Each structure stands twice: as structure tokens, then as C-alpha cells.
Amino acid sequence: MPGSNTALVEALEAALSSGRVQATPEDLAVYGYDGTWALGHPDAVVSPMTSEDVVAVVRVASRLGVPIVPRGGGTGLAGGAVPTQGGVVLNMTRMNRIIEIDTANMTATAQPGVITAQLQAEVEKAGLFYPPDPQSLRQCTLGGNIATGAGGPRCLKYGTTRDYVLGLQVVLAGGRTIRTGGKMIKMQTGYNLTQLFTGSEGTLGVITEATLRLIPRPPYRGTVMAVFANLDSAAETVNRILLAGILPLALEMMDNACIRSVMAYKPFGLPLDAETILLIDQDGDNSDIVAEQLARIGEICTQSGATAVKQAATQAEIGELWAARRAVSPALARLKPNKLGEDIAVPRAQIPVMVRRVQEIGLRYGLAIPLFGHIGDGNLHPNILCNLRDAEEMERVQQAAREIFEAASALGGTLSGEHGIGTLKRGFLPESLDATSIEMQQRIKWALDPENLLNPGKIFPVPPPNARH
């Protein structure tokens with residue numbers, strides 16, 4: 001029974017160095033949730049320091065038939081790190097060493113518990129750049145980023161975490177360890193197992209080390225804020241900028257509900273009467289070219305109906321604008337007791353249509369659905385504000401969420417651009433993938449984890465075929 005497995009705790013303590021195992025009621029409660037409302041209750045928490053520690057835990061769990069749930073910073077937004085079936089939570093945050101920054105090969109090798117912002121800061125000291133920047137970059141870990149294929153504002157120009165993972169060390173079910181990939185730029189030797197584990201949400205193995213691609217750091221950067229009285233005009237502006245041959249570093253949106261909530265959270269100086277604002281970043285190696293592109297972006301915004309366009313004059317102003325954007329999620333959390341933060345992605349050409357459909361769904365179900373996100377790559381975050389204690393409202397929330405997923409799928413989109421499926425979206429997986437695709441993925445899961453002990457109950461609506469759990 002979750003929370004009372006004395007034999008498991010004793011076996012873990014016998015296999016590991018002192019201080020690695022935690023099993024007090026307080027410890028179990030702390031590691032039973034993530035950044036969502038999903039809840040679980042582990043039987044034990046282990047904080048490994050080395051890959052060998054992880055191997056020992058996996059072998060104990062395999063012998064006793066209990067689940068293993070890898071966890072990083074606990075900032076996940078899909079319930080992926082919640083121990084819904086009990087078992088062992090592997091708290092990977094103590095494996096937090098940057099092993100190497102290789103300037104010659106432009107790679108970094110690090111353990112999974114390294115905070116994303118920490119890696120960025122260290123590689124920038126060497127004149128290099130690690131672009132992935134999830135909103136929680138000051139709390140989230142590299143292992144969690146890799147497990148979910150995390151993105152962030154800069155993925156419009158530079159891609160997501162997936163595009164920077166060159167190699168992994170992974171502990172498999174049963175306790176075997178493999179290495180995939182390496183520092184090579186090219187590799188076509190068998191199946192691409194590195195990409196298989198990337199985005200697998202801890203269901204195929206436990207990542208204990210990663211080799212990441214770095215790029216030269218662009219020295220120049222600027223930001224434009226464009227204010228729109230009409231959300232459709234803002235959405236259509238995105239494609240006009242891209243069709244003009246300009247690829248911004250980031251192209252983000254906030255609707256009026258987000259603007260007002262952020263301003264109530266902290267006075268960032270955003271225009272309260274705006275229906276929508278776009279934050280557009282550009283970077284590059286030539287200051288004149290960056291300035292020209294920002295000026296052209298401003299012209300396009302004005303031609304597309306922007307009521308005001310402001311270019312940040314200093315690095316401090318750039319920082320303030322982006323601090324406002326990163327404050328959206330905590331600001332919205334103050335409006336109602338709970339929120340369902342969605343993560344749909346649609347083709348760029350369908351952005352205006354998807355925006356309108358989210359608005360229509362909110363009106364039809366009588367729900368506030370503030371909308372923000374990485375509009376430049378079609379990754380939108382409709383946040384359905386709600387109260388878990390209101391059963392009738394939660395029924396409407398579920399119906400609205402399903403319609404949002406259906407709308408995204410109908411437009412050629414998907415359930416998740418960067419958060420993963422976890423527990424909160426697994427029931428909607430058939431809305432995005434056909435039955436054959438789901439079956440093939442489950443067969444991969446079963447082949448690598450036949451006992452179904454690695455983060456069970458995640459991604460798939462039902463256990464994989466032939467799995468014991």
C-alpha cells in the first residue's frame with residue numbers, strides 16, 4: 001500500500017549510502033505533486049548522487065515490482081512526475097554537476113539535476129549559447145526538459161530541447177545502463193535512440209547524463225512590444241513577419257486577461273486597454289542588421305493594425321518586458337483557485353483560426369480562458385481558470401478542454417508542443433494520434449519496460465499490451 005512499504009524502504013537503505021532514502025510523511029507529501037493539481041503518494045523518495053545509485057534503485061524496484069518515477073524540479077505542467085501508483089520517486093536534483101563545457105566541440109555534458117538557467121549562465125561565460133528557455137528555467141532541470149522535450153520562447157528561431165540533445169546516458173528497466181549518441185555532429189548508426197528517450201517522459205528509462213549541443217552566442221539583441229486592439233490582427237501579424245523573411249528570436253503574445261493579471265501582480269507598465277500585445281525579440285551578429293530587422297518588424301506591426309509599437313531602449317527595458325511575460329503563469333494563479341494550463345500547437349497558418357476558436361469555446365462554456373504563448377511557432381497556452389471544488393464548473397472545464405484539443409487536431413495540430421502528456425492529457429491522446437500510432441508506441445514501451453514500472457500511468461490511456469500493471 002502506498003506510503004507503508006517497509007520492505008521497500010529497508011531494501012533501498014541496504015542498497016544505498018546513508019541519507020539517500022527519505023520516507024517520513026512530510027517527505028512523501030512534498031514529492032507527491034508537481035506544477036499541476038495532480039496528486040500522488042510515493043512509498044519512498046530516493047535522492048541519488050550518481051548513476052550507480054540510480055542503477056541500485058532500479059534493481060531494487062524491479063525485484064520488488066514497484067514503480068519508479070523520475071522527478072526533477074517538479075515544475076511540470078502535465079502531471080508527468082506525480083507518483084499516481086506509489087512506488088519510488090527518484091529525486092534527481094542532487095545529480096546537479098556540469099561535467100564539462102567543451103568549447104572545441106561546442107558541447108556541454110551535464111547531470112540531469114542541473115538547473116537550466118545555471119547551464120545557460122556557465123556556457124555564456126565561455127562565449128557559447130544554450131538556447132532552450134522554458135518559462136521555469138530558474139527552477140526546472142535539464143533532465144525534466146529532456147524528458148518532456150521542453151521549449152520556450154526562443155524555440156521559434158533555435159528549436160526545442162530536442163534539437164540540442166546529442167547523447168544520453170540512460171538507466172533502463174532492470175538496471176542496465178546504455179549510452180546513446182555522443183559529441184558527433186553526424187551519426188547514422190542504427191536507430192536514433194537518443195531521440196527516442198528525449199520526450200519519453202521517464203517511461204522508457206532514467207536519464208543520468210546528457211551531452212548537449214551549444215552554438216556561438218549572438219552578441220546583439222533587441223525587443224519590440226506591439227499593442228493591438230484586436231487579437232485577430234495580432235495573430236495575422238505573425239505570419240506577415242515570417243513571410244517578410246524575418247525569423248525572430250522569439251514572438252510571444254499575451255491577451256488582455258493576461259495583461260491585466262500581470263499588472264495586478266506587479267506594475268510592469270503594460271497597456272491595460274490592449275486586447276493583445278506581441279513581444280518580439282531579435283538577435284544576431286551584426287548590430288545594424290538587428291536594428292534594421294527590428295525597425296521592419298515595427299513597420300509590419302503598424303501596417304497590420306498595431307495601435308502602438310515600442311522598441312526597448314536598454315537591456316534593462318528588455319529584461320523588464322520579458323519579466324512581465326514570465327510572470328503570466330503565477331499572475332493567473334491568483335485569479336481563481338486552480339487553472340488548467342493547456343499546451344496546444346497548430347501550424348502557423350492556423351494561428352488566427354485557433355485563437356478565435358479558443359475564444360468561442362470560453363464564451364460557450366462560461367469560462368475565463370486567458371491566452372498566451374509562443375504564437376510565432378503556433379504553440380499556444382490557453383489557461384482555463386477554475387475551482388476544483390466546483391463539480392459543475394469542472395465538468396464544463398473538461399468539456400472545454402476536449403473541444404480545444406479537438407479544434408487543434410482538426411487544424412492539423414497536436415495536444416502538446418512542450419509540456420508532454422503526463423496524466424492530465426492521456427485521456428485525450430486518441431484525439432491527436434490514430435490507434436495504430438498509439439499501439440506502436442505502446443509496443444516500444446513494453447519492449448523496454450515489460451514490467452511497466454517506469455513512470456506507469458503516464459502518456460497512454462491504458463497500460464501497454466502485455467504489461468503487468
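The model is predicted: local features need pLDDT of at least 70, side-chain atom pairs count only at pLDDT 80 or more, and totals for chains, interfaces and linings use all residues. Residues are numbered from 1 along each chain as its sequence is written, and side-chain values use heavy atoms, with hydrogens and water left out. Helices (H or I, at least four residues) and strands (E, at least two) are DSSP runs, numbered from the N terminus.

**Five-stranded sheet**
- An open sheet of 5 strands runs in the order β5-β6-β10-β8-β9 with antiparallel pairing; strands pair if DSSP finds at least two bridges between them.
- β5 (98-102) and β9 (177-181) are the edge strands, each with a single partner strand, so one side of each has no neighbour in the sheet.
- On average, neighbouring strands of this sheet are turned by 10 degrees against each other, direction ignored.
- Between β5 and β6 (residues 107-110) there are 4 bridges in the antiparallel sense, and E100 stands opposite T109 in β6.

**Helices on the sheet**
- Helix α3 (residues 51-64) lies across β8 (165-171), β9 and β10 (206-213), at about 45 degrees to β8; axes are lines fitted to C-alpha atoms, for helices over the stretch in contact, and angles run from 0 to 180 degrees between N-to-C directions.
- Helix α4 (residues 116-125) also packs on the sheet, where it touches β5, β6 and β10, and its direction makes about 35 degrees with that of β5.

**Helix pair α1 and α3**
- Helix α1 (residues 6-15) packs with α3 at an angle of about 150 degrees, the axes being 10 Å apart.
- A7, L8, A11, L12 and A15 of α1 meet A56, V57, V60, R63 and L64 of α3, where contact means heavy atoms within 4.5 Å.
- The residues of this contact comprise 9 nonpolar, no polar and 1 charged; Ala, Val, Leu, Ile, Met, Phe, Trp, Tyr, Cys and Pro count as nonpolar, Asp, Glu, Lys and Arg as charged, and the others, Gly among them, as polar.

**Buried side of α1**
- L8, V9, A11 and L12 are buried in α1, buried being under 20% relative accessible area with a 1.4 Å probe and protein chains only.
- They lie on the same side of α1, because they cover an arc of only 165 degrees around the axis, the arc being that of the directions from the helix axis to the C-beta atoms.
- The buried residues of α1 pack against β1 (21-22), β2 (44-46), α3 and β4 (88-91).

**T276**
- T276 lies in strand β14 (residues 276-284) and is buried, with a relative accessible area of 0%.
- Leaving aside neighbours within four places in sequence, T276 has contacts including F228, L231, M253 and I259.

How values were computed:
Buried means under 20% relative accessible area, exposed over 50%, partly exposed in between (1.4 Å probe, protein chains only).
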